[in-house]
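Here is a short tour of one protein model, written for a reader who is new to structures. Have a look at the fold, then read on about its charged side chains and one of its sheets.

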Amino acid sequence: MAKASWASRRVAFISTILTLVGWAAFLTTFDGPGMAGSTRRGPGETQPISIQPLPAEEGAMCEQVPASAEETLMAALQQRQDARAASIAARNAASQDRSQLKPVRSIRDPYAAYSSVAVDPVNNEVVLTDENLFQILVYDRTANTPPRARFTEPKRILAGLNTKIEFQCGLYIDPKNGDVYAVNNDTVDTLVIFDRAAKGDVPPNRELHTPHGTFGIAVDEATQEMFLTLQHDSAMVVFRKYAQKDDSPLRLLQGDATGLADPHGIALDPKNGWVFISNHGAVSSRSPRPEGSRSRRGSEKQNWPLERAQAIPGSGRSLPPSIIVHNMKAEGNAAPLRVIQGPKTQFDWPTGLAVDEQQGELYVANDMGNSILVFNVTDSGDIAPKRVIKGPKTNLANPTGVWVDLKNNEVWAANFMNHSATVYPLSASGDVAPLRVIRSGPLDQPALGIGNPHPVAYDSKREQILVPN
């Protein structure tokens, strides 16, 4: 409204000036009656004009534009220019490098959180993956962190953008050459393979593009086949051991009859031809992919799993945790040979698995149960474990990885929630202290348990930050 009023006054002012100029021109050429001091002359003679000033009036003849109105206009123009400049700056900033931008404050764990473990008995080394700082760390197998030491320095570290190491949760060591196979569960759908001596920020020797949500890995050296569990798609795929890049799986196990439900760990018993898979229990049914349609990630690959896009709405369900046993050659929608499931099992997020072929025993890293459970490979149904390693002396804290070292008769656990890897005798049972402990951080330093956090929320009543993982 202020802009419209000022414009109207300005138009009135200009109109008045033009009117006065027109009257002045008219008076210089017309000798009308009643004009003060006018004298009639003949043709060609000049006509003197007597001009008398108008009587003085109080105030201005036309209302002046207030200074505040002009200032308002200028401010509006300036504001528009500033907004345009800010918009241009924002567009330019989108392409600028913000990698050096420092946060006001941060909540992070500065120490490695071990998620899986594997032993290289030939080179007497133990390999651990770290899902917190995105690393693979190699230690002497006999390393033992003293209680007063802050941590044990690894022999080698693999980390950096070139390695493509991020949420590595599955690990396998080639028994012949020591090559390291590491599976990414989330951000990078790539299985990476490194030479055993690799270190630093180096690219993998070989990589294989895997379905999203790949978690566990096991290899049958006799048939040169590699087995991978797929968490989100409740499936298992089998590749050639030396598959790379965009090679397709050899076989796919997926469907409601398979018993696969949010599978994690996997272990093989080549002696009996069995594959063991641990399930957390979440699953949904999948409808067949429409004729001619492509998988979002698999493109034209054969034996690629039905992904979440094929999930049937309303079919999601949460089943009790379990371990299922399949034939190693199983594929399609085949039913398991046996299922270990029920309250007697003590399963609470069973994750990593390992098989002792010599004794016919199955080792289970029982994540939320803070324990290692031992079963016979022939067990079935709702059965109690034959041995349990659990208690405050064990130093177990959310173990997610387990490995059986038959050469040295030891069993290893990767503990996600206390910066440690612990090792026990194969015959250990009950609340026993570990033979050795490898720590990545001080004893009194709590593990934050932040792994792949999603959108955060703030509870103003309790003044707490909520972070779903």
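A network of salt bridges links D120, E125, D140, K155, R156 and R196. A salt bridge here is a side-chain nitrogen of Lys or Arg within 4 Å of a carboxyl oxygen of Asp or Glu. Side chains of opposite charge can pair when their charged atoms come close. The structure holds 19 salt bridges.

Before going further, note that this is a predicted model, where local features need pLDDT of at least 70, side-chain atom pairs count only at pLDDT 80 or more, and totals for chains, interfaces and linings use all residues. Residues are numbered from 1 along each chain as its sequence is written, and side-chain values use heavy atoms, with hydrogens and water left out.

| Pair | N to O distance |
|---|---|
| E410 and R141 | 3.0 Å |
| K164 and E207 | 2.8 Å |
| E221 and K241 | 2.9 Å |

Buried means under 20% relative accessible area, exposed over 50%, and partly exposed in between, using a 1.4 Å probe and protein chains only.

K164, the partner of E207, is partly exposed at 34%.

E207 lies in strand β8, which brings us to a sheet. Four strands form an open sheet in the order β5-β6-β7-β8, with antiparallel pairing. Its edge strands, β5 (168–173) and β8 (206–209), each pair on one side only. Two strands count as paired if DSSP finds at least two bridges between them. Strand β7 (residues 190–194) is joined to β8 by four bridges, and T190 has H209 as its bridge partner in β8.

Finally, the whole protein: its secondary structure comes to two helices and 28 strands, and 44% of its 469 residues count as buried.
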